[in-house]
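Hi,

Here is the structure I promised to pass on.

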Amino acid sequence: MSIALFIFLLYTGVRIYSGVLIIYALLSWFPGAYDSMFGRLISRISEPYLSLFDRLNLNIGMIGFNVMIAIIVLNLAASGLGRILQSIM
């Protein structure tokens, strides 16, 4: 497997997971959405990563910014790893 293919798969995976995190955040707008089968699946996928950001107090009033910060950190990490791998190439 070439490094270029790995970088492409890394960025694609990050894009998909970022979408899952956005869906997780949007589910909070609908009462009972986390109790549906789809909501439980999205929660099971998202909450292990989001729990890393629970210690930080990222709430302003009733609005939580955990998901937004998690997406930014995920994309920065993927970008950094991609640049490191490109420099190896």
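Helices (H or I, at least four residues) and strands (E, at least two) are DSSP runs, numbered from the N terminus. This is a predicted model, where local features need pLDDT of at least 70, side-chain atom pairs count only at pLDDT 80 or more, and totals for chains, interfaces and linings use all residues. Residues are numbered from 1 along each chain as its sequence is written, and side-chain values use heavy atoms, with hydrogens and water left out.

**α1 and α2**

The axes of α1 and helix α2 (residues 37–50) come within 9 Å and cross at roughly 115°. The two are therefore roughly perpendicular to each other (angles of 65 to 115 degrees get that label, under 35 is roughly parallel, over 145 roughly antiparallel, and the rest oblique). On the α1 side, the residues making the contact (heavy atoms within 4.5 Å) are Y17, V20, L21, I23, Y24 and L27. Among their partners on α2 are F38, I42, I45, S46 and Y49. By class, this contact has eleven nonpolar residues, three polar and one charged. For these classes, Ala, Val, Leu, Ile, Met, Phe, Trp, Tyr, Cys and Pro count as nonpolar, Asp, Glu, Lys and Arg as charged, and the others, Gly among them, as polar.

Is S46 buried or exposed? S46 counts as buried, at 0% relative accessibility (buried is under 20% relative accessible area, exposed over 50%, partly exposed in between, with a 1.4 Å probe and protein chains only). Setting aside neighbours within four places in sequence, S46 is in contact with Y17, V20, L21 and Y24.

**α1 and α3**

Now turn to helix α3 (residues 66–88), whose axis comes within 10 Å of the α1 axis and crosses it at roughly 180°. That makes α1 roughly antiparallel to α3. The residues that meet include I3, L10, V14 and S18 in α1, and V67, I71, L74, N75 and L85 in α3. This contact of α1 with α3 has 18 nonpolar, five polar and no charged residues.

S18 is buried, with a relative accessible area of 8%. If you skip residues up to four places away in sequence, S18 touches I71, L74 and N75.

**Loop and strand**

A33 is in the loop between α1 and α2, and is buried at a relative accessible area of 12%. Its contacts, apart from neighbours within four places in sequence, are L27 and G39. I63, by contrast, belongs to strand β2 (residues 63–64) and is exposed, with a relative accessible area of 52%. From I63 to Y49, 14 residues apart along the chain, the C-alpha separation is 19 Å.

**What UniProt says**

An unreviewed UniProt entry places the feature "transmembrane region" at residues 7–30 and 60–85. UniProt positions are given in the numbering used here, feature names are shortened, and annotations may be inferred rather than shown by experiment. Over residues 7–30 the model is 88% helix and 0% strand, with the end C-alpha atoms 36 Å apart. Residues 60–85 come out as 77% helix and 12% strand, and their end C-alpha atoms lie 37 Å apart.

Cheers

Conventions:
Axes fitted to C-alpha atoms, helices over the stretch in contact; angles between N-to-C directions.
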